[in-house]
Amino acid sequence: MVEQLSDLLARNRRWADAHRRAEPDFFSKLTAIQQPDYLWIGCADSRVPANEIVGLQPGELFVHRNVANIVHPYDPNCLSVIQYAVDTLKVKHIIVCGHYGCGGVLAALGPPVEQPLESWLAPLRVVSATHADELAVTRTDDARWRRLCELNVKAQVASVSATPTVQAAWARHQPLTIHGWIYDLHDGLLQDLGVTVDGQGRG
Ligand code: CO
């Protein structure tokens with residue numbers, strides 16, 4: 001556990017030193033070019049560190065994280081990330097990654113929370129309402145929570161696919177595939193939810 005903020009700076013120096021020792025031109029190579037193949041859209045949750053869980057180094061993963069990995073159709077933050085990743089970096093894959101045990105998803109299963117979080121979670125409430133029948137017959141609260149985590153990923157994959165940036169990329173036949181994954185905090189494993197979409201309309 002980090003006790004003081006100054007510890008973080010000390011850790012940073014050790015991290016930079018270790019990288020330089022292992023590979024003297026590590027940072028000069030990194031500054032020269034950024035060419036990741038993947039955009040990761042994940043939850044801000046501190047237990048789901050994007051680069052680490054897929055074993056990728058700095059420079060290899062373009063990352064956007066927010067509460068509950070939601071892609072609002074009018075969120076200039078997330079939409080700009082997608083735009084830059086697709087149009088400039090030309091990533092080949094966009095991975096929407098949710099996780100079981102997501103606090104944002106749990107909040108959307110309960111009564112309204114304070115603003116601005118309630119507005120942020122609005123798409124999750126829509127997903128929940130859309131699948132109300134299925135969720136109502138899901139036996140336990142925990143199973144309902146897990147299921148909504150999965151349904152949210154699927155909905156956000158659809159949301160990414162519908163963005164003008166992705167639609168335009170597919171129209172000009174740029175290789176780009178959208179994936180929906182979910183991470184389990186209990187064993188550190190990712191699961192592909194099988195909702196992959198690309199510009200050819202293949203499932
Ligand atoms: Co979360």
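**Figure 1. Pairing of strand β4 with strand β6.** Two strands, β4 and β6 (residues 197–198), are joined by 2 bridges and run antiparallel. Within this pairing, I178 has V197 of β6 as its bridge partner. Strands here are DSSP runs of E with at least two residues, helices are DSSP runs of H or I with at least four residues, and both are numbered from the N terminus. Two strands count as paired if DSSP finds at least two bridges between them. The views show a predicted model, in which local features need pLDDT of at least 70 and side-chain atom pairs count only at pLDDT 80 or more, while totals for chains, interfaces and linings use all residues. Residues are numbered from 1 along each chain as its sequence is written, and side-chain values use heavy atoms, with hydrogens and water left out.

**Figure 2. Strand β4 and its pairings with β3 and β5.** Strand β3 (residues 93–99) runs parallel to β4, and 7 bridges join the two. In this pairing C97 stands opposite W181 of β4. Strand β5 (residues 189–192) pairs with β4 in the antiparallel sense over 4 bridges, with I182 opposite Q191 of β5. The hairpin of β4 and β5 has 4 residues between the strands, and G188 takes a positive phi near 70° there. Because 7 of the 8 residues of β4 (residues 177–184) are buried, this strand is largely enclosed by the rest of the structure. Buried means under 20% relative accessible area, exposed means over 50%, and partly exposed lies in between (1.4 Å probe, protein chains only).

Figure 3. The donors to the cobalt ion are C43 (SG), H99 (NE2) and C102 (SG), at 2.0 to 2.3 Å. Their spacing in sequence is C-x55-H-x2-C. C43 belongs to strand β1 (residues 38–43) and C102 to the loop between β3 and α5 (103–108), so this pair ties together parts that are 59 residues apart in sequence. Both C43 and C102 are buried. Donors are N, O and S atoms within 2.8 Å of the metal (3.2 Å for Na, K and Ca); water is not among the atoms, so sites may look incomplete.

Figure 4. The structure holds 0 disulfides. C97 is in no disulfide, and the nearest cysteine sulfur, that of C43, is 9.5 Å away. A disulfide is defined as a pair of cysteine sulfur atoms within 2.5 Å. For C149, the closest cysteine sulfur is that of C102 at 5.5 Å, which is too far for a bond. C97 counts as buried because its relative accessibility is 2%; C149 is buried, with a relative accessible area of 2%.

Figure 5. The peptide bond from Q115 to P116 is cis, with omega near 5°, and P116 is placed in the loop between α5 and α6 (117–120). A68 is a residue other than glycine with a positive phi, near 70°. This residue, A68, lies in the loop between β2 (61–66) and α4 (76–88) and counts as buried because its relative accessibility is 0%. K90, also a residue other than glycine, has a positive phi near 55°. The loop between α4 and β3 contains K90, which counts as partly exposed at 45% relative accessibility.
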